[in-house]
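Here is a structure to read by its rules. Each term gets its cut-off, and each value is set against it.

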Amino acid sequence: MKETNVENLISLSNDLRWQIGDEFHDNLAEGIYADAAEIVKGSVRNKKEKGHLRFDAKLDQILTSKYLGFPLMFLILAVVLWLTIVGANYPSAMLGSLLLDTVHPFLKDLGVTVGLPVWLNGFLIDGVYLAVAWVIAVMLPPMAIFFPLFTLLEDFGYLPRVAFNLDNLFKRAGAHGKQALTMSMGFGCNAAGVVATRIIDSPRERLIAIITNNFSLCNGRWPTQILIATIFVGAVVPKAWSGLVSLAAVIGIAVLGMGFMFFTSWALSKTVLKGEVSTFSLELPPYRPPRFWKTIYTSLIDRTLIVLWRAIVFAAPAGAVIWLISNVHLGDLSIAAWSIDFMNPFGYLLGLNGVILLAYIVAIPANEIVIPTVLMLTVLVTGIGGGAGAGVMFELDSANATGDILKAGGWTLLTAVNLMLFSLLHNPCSTTIYTIYKETKSLKWTAVASILPVIMGFVVTFLVAQVWRLLS
Amino acid sequence: MYNYNPFWALTIFLAVAVLGFFLFRPSKGWFWVINKGAKKDKKELIEDILKLLYHSENEDKPVNVNDIARILNDDEKEVLESLSEMAEVDLISLSGNHVKLTKAGSDYALRMVRAHRLWERFLAEKTGYDEADWHHIAEKKEHELSAAETEQLAAKLGNPQFDPHGDPIPTNTGKVAPINGVLLSELETDTIARIIHIKDKPDIVYKQIVAENIHIGSHIRVVEKSPERIVFHAEGEAFVLAPIVAANITVSVLKKDVLFEENIARLSMLQENETAEIIGISREMRGESRRRLLDLGFVKGADVKIDLPNPLGEPKAFLIKGTSIALRDNQASKILIKKS
Amino acid sequence: MEAAPKSACETCPQYNAEGLKKLGVNLNEADFVVALAGNPNTGKSTVFNALTGLKQHTGNWPGKTVTRAEGAFQYNDQKYKLVDLPGTYSLLSTSEDEEVARNFILFGRPSVTIIVADASRLERNLNLVLQVLEITDKAVLCLNLMDEAERNDIEVDTRTLARDLGIPVVATSARYLRGIPELIQTVSDLANGRIVCKPHRIKNIPPNIEKAVTKLSNEIQAVYPDIPNSRWLAFRLLEGDNHVIELLRKGEFVK
């Protein structure tokens, strides 16, 4: 009985829709706004001429002006990044010495005291604990500085103006101006950058922003870039210039990342994402003074801790795997040594080596532990002195000592350059991959976002290696 | 460490890359060409023949067996085989060289037309594909949709009446609404009319019309008519078309008392310090984008002015109903205004 | 201890600070469900935080709350569960945010819906308000950001507005907790049926469409006599909203 009634209703609505034609939605929307205008006329009195607050208008004229808009934008971004990188040094060093130099040996001793078998002690403390501690020490301080700063700018209302200023560039690449912000957020952490794409309300542009976020060097990769550039690139030129040149190399890599971001965005929008719906709208909200402490508190809770927690969850098993492959032996070689031998030819072809490839495979969970893993594996396969034992990641205080180990592992300037390139162009870390899946709810786009950058990394490093060898 | 010649590695890589490019580059890649050129499967061929017959019977231009092979650009032998097969299952009646659709055949053809037009409507409303691509995609898709899928699609779109070109979509019982209109090429000067249909064939003409930004639903006024050219005004712009092209556009003449706004402009032409009133959103804005603009307050009667110019030219921010909203030029150019 | 005589303000129900308890995320056994709707960037999340004592992030970004957040407060021994819906400009489109907001107001059957609006941009905000009023008749308009409106020299006559809209209107500045006690009192009055709304219905619709809407909504009433929003349902059916059609077939509207 009810069912036939429902069907009747539906078919009646179909008939009526055919009668009133295609413009129902327009008419309804216009009708609602007409009602709204009538109501407002009766109850709102505007003593001033309609428009923005004077202060807002003034500020907007400066922040989006032809000459000042861009310099101010870059200045603000530079200040934020500088505060993050410099400001994070001290807490990072403190956390590092606490978690890695004090707590680690203590736990190790504790394990011995309570009578844990050596292998279990190694597995838990050298593997799982060390990876987690490393991620916290490297990741927490920059994020705890970067995200609150970013959030303050957001609450003030400046970020929509950045999107407004830059939209034209992004439009040419088939993307949305707000991608500028998700990219900047990616400089802090790609997973957070992917979450931030929620502000892009157009499906096609949002997917583009998600897939290309990985081209922003995240704070897990900045230290790698800086270290390698200092050791190898800086050494090419006279001492006086080395600092400047290595800095230029790092910035060059970051800019190259932006180039890849624009190119990939453009290519995606022209091919696989052609059919996704694309709309554009950008509201410029009034400026509002942010509430400092509240912002700091919520950004720590909302962004930093959530991302950190995910990273820890992923880093723990990675630490276990790293320890296992270095300590489980097949025949007379560890699994790590076997895989490195196996991958060496391919690594050589790319101007890298087996150690680097293996490090990138086992360190998928966190870019922070790539260099410690590389060092540990290098010591393991070359058999030179130093290091802390099989499966125990380590880092050295001096860049020179690190360079010595790497050079003993057969590293050249080419290896260094290609490592920097590969650090930019490889799969996102597993936290980011998981976040991409959560945000897109699509295995397909997650796979594209994960695999596309690795392929680009292979191609770019391969080409650089061949040209390098031809020329040298 | 390893001995190999980087030159050869590079050469092999480049060769593979070039080959890949030629194989898979969008639309012109060999892979796609070969794929497209591969023999159509029998079902597709039969369905294409049915559609061809349906359209030609509708336009009163009967075709014979030879025409079919020529128009479809297909192997004559295969077409003949298909035709005899179709006659066997009573989709067509063959007498000598003449082909005629039976009732069953015409029903089948209508179902194909329905699927095609529904899919075009879907592409227009729910995806971001370019207008010029709709026809090709629908041409493929119509063969893949089953009857049940077609009905689901219709329901999802709210059982629409017309496809984006203004062609009626046959109902599932086979009813087709007639297009009662005049060809633009036959319109007298000074008549006011509304575009109700744009023919999507032949391809070249259609693409030209799309490129001119002429759209269904626009009100037009013919200002000049000669054997060489037809000039008309629509939505604040003047258009010049060759009569052959104009013959692809069908309009319905509006009564004399309909007001034709001559001083309409587009929001993209608004200068700083000017204010304007919104007249409406052009029909070329569809689906989600159109709804979004309406929701944001770009409705008939709203006052609008430029709030902020952009350092890079676009998007400009417009002050609409008390809020600053940035729109790109390609959106602003689809909002019709009257400067005040 | 001797009870000090209370000031007039303290005894006034609108300032019943003792009756209010912010419960954070403690959602157990709520007596009433309250939905929080509104345009993006109207300080909706600030209102949410002011009511629940939670500290959800409230960015100055249109469209911050993407998933819906929940919290609770207690007032005069009654527990209220508060659901913060995604900020939307409208409920007529098909984006994910709007669907979440629309479905909750429709099927979550909130006892009261608080619609947060920006006092300086009332006309734009009324677009959503009028749509919500087509769906539910237990609503209160929270006219937020009054401080900004004052700085802008904009005056809103809340009485006339309340009369025109047919629902109570409360002026607030949630950042400074101004007007929040009044808002809570109004919500409680609405939930307990002490205030009855007579919400505004959309009027400026072309006659041919109005005729179709009336015809269809009458039919709907005939089939479902106790449905409160037959007119809105008629709008959706005429729009061809597939989602609503499906729900109708499943019988979701008669629960």
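Q: How many bridges join E6(B) to E7(B), and what makes them a pair?
A: Five bridges join E6(B) to E7(B), and the two strands run antiparallel. Two strands pair if DSSP finds at least two bridges between them. Strands are DSSP runs of at least two residues, marked E, and helices are runs of at least four, marked H or I, both numbered from the N terminus. Five bridges meet the rule, so E6(B) and E7(B) pair. In E7(B), Glu237(B) stands opposite Ala234(B).

Q: What kind of model is this, and how are residues and chains labelled?
A: This is a predicted model, in which local features need pLDDT of at least 70, side-chain atom pairs count only at pLDDT 80 or more, and totals for chains, interfaces and linings use all residues. Residues are numbered from 1 along each chain as its sequence is written, chains are lettered from A and ligands numbered from 1 in the order in which they are written, and side-chain values use heavy atoms, with hydrogens and water left out.

Q: How do E5(B) and E6(B) pair, and what joins them?
A: They pair in the antiparallel sense over five bridges. A hairpin of four residues joins E5(B) to E6(B). Lys225(B) has Ile230(B), in E6(B), as its bridge partner.

Q: What joins E4 to E5 in chain B?
A: Three bridges join strand E4 (residues 192–198) to strand E5 (residues 219–225) of chain B, and the two run antiparallel. Arg194(B) stands opposite His219(B) in E5(B).

Q: What makes E1(A) and E7(C) a pair?
A: Strand E1 (residues 44–46) of chain A and E7(C) share three bridges, in the antiparallel sense. Asn46(A) has Ile154(C) as its bridge partner in E7(C).

Q: How many residues of chain C and chain A are in contact?
A: Contact means heavy atoms within 4.5 Å. By that rule, 63 residues of chain C and 58 residues of chain A take part. The area buried between chain C and chain A is about 5900 Å², with 60% from carbon and sulfur atoms. Buried area is the accessible area (1.4 Å probe) that two parts lose on being put together, summed over both.

Q: Why do Glu155(C) and Arg45(A) count as a salt bridge?
A: The rule asks for a side-chain nitrogen of Lys or Arg within 4 Å of a carboxyl oxygen of Asp or Glu. Glu155(C) and Arg45(A) meet at 2.8 Å, N to O, so the pair qualifies. The rule finds two salt bridges across the interface of chain C and chain A. H8(C) gives the most to the side of chain C that touches chain A, with nine residues.

Q: How do you know that Glu239(C) and Arg291(B) form a salt bridge?
A: Their closest N and O atoms are 3.9 Å apart. Two salt bridges are found across the interface of chain C and chain B. H4(C) provides the largest share of the side of chain C that touches chain B, three residues.

Q: How many residues of chain C are in contact with chain B, and what area is buried?
A: 14 residues of chain C are in contact with twelve residues of chain B. The buried area is about 1100 Å², of which carbon and sulfur atoms give 39%.

Q: Why is the pair of Phe232(A) and Trp411(A) called stacked?
A: Rings of Phe, Tyr and Trp (its six-membered ring) pair if their centres lie within 6.5 Å; planes under 30 degrees apart count as stacked, over 60 as edge-to-face and the rest as tilted. The centres of Phe232(A) and Trp411(A) are 5.9 Å apart and the planes are at 25°, so the pair is stacked. The structure holds 20 aromatic pairs over all chains.

Q: What is the omega of the bond from Glu314(B) to Pro315(B)?
A: Omega is near -5°, and this peptide bond is cis. Most peptide bonds are trans. Pro315(B) is in the loop between strand E11 (303–308) and strand E12 (316–320) of chain B.
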